[in-house]
Amino acid sequence: MPAATTTTAAPPPPPLDFKNSDTIPVLPPSKHQPSLRYPSSGSHRKTIYDRSLSRPPSATSLPAFAYLFNTLITYHHAKSGSVSDIETRLNRAGYPIGVKMLDLLLYRQAAAAPGGFGGAGKSGASGARPTRLLELLQFVHGTLWRGLFGRQADALEQSTTKKNEYMIVDNEPVVNTYVTIPREMSQLNCAAFVAGVVEGVCDAAGFGTEGVSAHWAEGEEMWPGKTIFLLRFREEVMEREEGLKAGGGGG
Amino acid sequence: MSYYFTIIGTRDNPLFEVEFGTSKVGGDGIAHFRDEAKHMNQFIVHAALDIVEEIQWTNKDMYLKRIDSYQNNHVHCFLTGGNVKFMLLMNPDPMATTYSAYSTSPPSRPSTARQSTTLLAASPNSQATEEAVRAFMLEVYEHWVKCIMNPFYQVNQVVTSPVFQNRVGTAAKKYL
């Protein structure tokens with residue numbers, strides 16, 4: 001077959017005949033168009049940037065959350081076997097939420113108090129980022145719990161045996177409201193999800209943890225669902241705390 | 001008067017950067033950096049990150065004000081709760097800034113009648129400048145929080161949304 005030369009003009013294309021597939025022109029593959037469509041400035045479609053960040057007056061419904069949470073647990077339970085595996089998965093699921101909650105709550109604090117935003121914030125309530133460990137713990141115990149559940153956590157304790165362990169106690173975790181644990185899995189505490197949120201907050205604030213875990217509180221008759229969240233901070237965090245305490249004297 | 005704004009993630013990786021000029025009286029909204037400024041701006045901003053890390057544990061505020069100056073470039077920083085840094089580099093007279101090692105900068109040309117003396121960087125330490133930059137940073141922070149609330153946005157991912165870029169541009173026109 002003679003090679004086609006470029007100087008000869010192309011023969012006129014045959015008339016389109018859709019029964020004969022040879023005559024249907026095939027367009028060359030178009031360049032890949034990005035599949036995301038951004039609303040043009042002319043359209044009035046709302047983007048996520050149009051929504052307000054301040055707290056909506058009505059809270060989200062608990063049954064809606066419980067349904068979603070139930071599905072989440074079922075999904076992870078089907079994928080994994082052991083109790084600790086499910087707890088790890090729930091923990092991982094809550095982690096990115098913690099990271100985002102930290103910035104959201106700090107933004108709400110800052111927007112509500114423009115005076116304390118850039119000025120010297122002395123207390124943890126009006127000031128901005130938590131820089132010391134105690135401030136961070138109070139932030140988690142108060143602001144984070146109120147932002148998530150509408151009430152403060154019940155207790156904040158420091159472990160007597162280890163210096164880098166702290167405990168936050170919740171008498172009745174809201175996430176466990178509609179969850180019943182079968183007897184063969186009695187170790188499982190679905191508040192591991194909340195533990196993941198707390199871990200995300202601590203890590204994002206710069207206080208790396210080795211893990212935040214949720215444990216049942218034993219022997220508590222009044223609150224059968226009492227849960228203790230154990231926060232274990234890393235070595236370098238404790239060293240930095242020591243350094244700041246020695247150098248700044250609490251400043 | 002030109003600005004270079006960048007968002008730097010927790011691993012010192014840039015997530016977003018934009019250049020613009022002032023839209024106030026006398027400006028046209030477009031940055032007028034020299035050619036070498038393309039990489040020198042990044043260099044100056046990243047060198048200022050060390051200063052941010054030093055002071056972030058003793059300073060509880062989120063807006064850290066002006067933290068560094070280099071040859072007429074002033075760097076302002078804002079630190080979010082998640083340890084993400086918004087850095088704004090401002091240069092009142094980019095054409096006069098040489099980046100050579102010999103730091104004898106040429107005498108800056110007197111302000112022409114076109115540029116008024118109400119330029120922000122003309123007095124970088126003034127309260128008005130700090131207030132303007134703080135207001136700008138707060139507005140960008142609001143858009144930033146909305147951006148990261150996206151469940152599909154992972155930590156330290158590059159921000160590619162043109163809507164975010166438009167919002168930053170609008171905030172810049174409003175305050176800077």
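Q: Is the crossing of H2(A) and H5(A) left-handed or right-handed?
A: The general idea is this: a crossing is left-handed if the near helix is turned anticlockwise from the far one by less than a right angle, and right-handed if clockwise. H2(A) and H5(A) make a right-handed crossing. Before we go on, this is a predicted model, where local features need pLDDT of at least 70 and side-chain atom pairs count only at pLDDT 80 or more, while totals for chains, interfaces and linings use all residues. Residues are numbered from 1 along each chain as its sequence is written, chains are lettered from A and ligands numbered from 1 in the order in which they are written, and side-chain values use heavy atoms, with hydrogens and water left out.

Q: At what angle do H2(A) and H5(A) pack, and how far apart are their axes?
A: Two packed helices are described by the angle between their axes and the distance between the axes. Axes are lines fitted to C-alpha atoms, for helices over the stretch in contact, and angles run from 0 to 180 degrees between N-to-C directions. Here, H2 (residues 83–112) and H5 (residues 192–204) of chain A pack at about 45°, and their axes are 6 Å apart.

Q: How many residues does H4(A) have, and how far does it reach?
A: The expected span of a helix is 1.5 Å times one less than its number of residues. H4 of chain A (residues 133–149) has 17 residues, and it reaches 23 Å from its first C-alpha to its last, close to the 24 Å expected. Just after H4(A) comes Gly150(A), with a positive phi of about 85°.

Q: Which residues of H4(A) are buried?
A: Buried means under 20% relative accessible area, exposed over 50%, partly exposed in between (1.4 Å probe, protein chains only). The buried ones in H4(A) include Leu133(A), Leu136(A), Phe139(A), Val140(A) and Trp145(A). Over in chain B, buried residues make up 51% of its 176 residues.

Q: Where in chain B is Leu15(B) found, and is Leu15(B) buried or exposed?
A: Look in strand S2 of chain B, residues 14–21. Leu15(B) is buried, at a relative accessible area of 2%.

Q: How many salt bridges does the structure hold?
A: A salt bridge is a side-chain nitrogen of Lys or Arg within 4 Å of a carboxyl oxygen of Asp or Glu. Over all chains, there are 10. One of them joins Glu236(A) and Arg234(A), with 3.4 Å from N to O. Glu236(A) is partly exposed at 46%, and Arg234(A) is also partly exposed, at 37%. Elsewhere in chain A, a network of salt bridges links Arg151(A), Asp154(A) and Asp170(A).

Q: Which parts of chain B does the pair Glu139(B) and Lys174(B) tie together?
A: Glu139(B) and Lys174(B) form a salt bridge, their closest N and O atoms being 3.4 Å apart. Glu139(B) lies in helix H2 and Lys174(B) in helix H3 (residues 162–175), so the pair ties together parts that are 35 residues apart in sequence. Glu139(B) is buried at 16%, while Lys174(B) is partly exposed at 48%.

Conventions: Helices (H or I, at least four residues) and strands (E, at least two) are DSSP runs, numbered from the N terminus.
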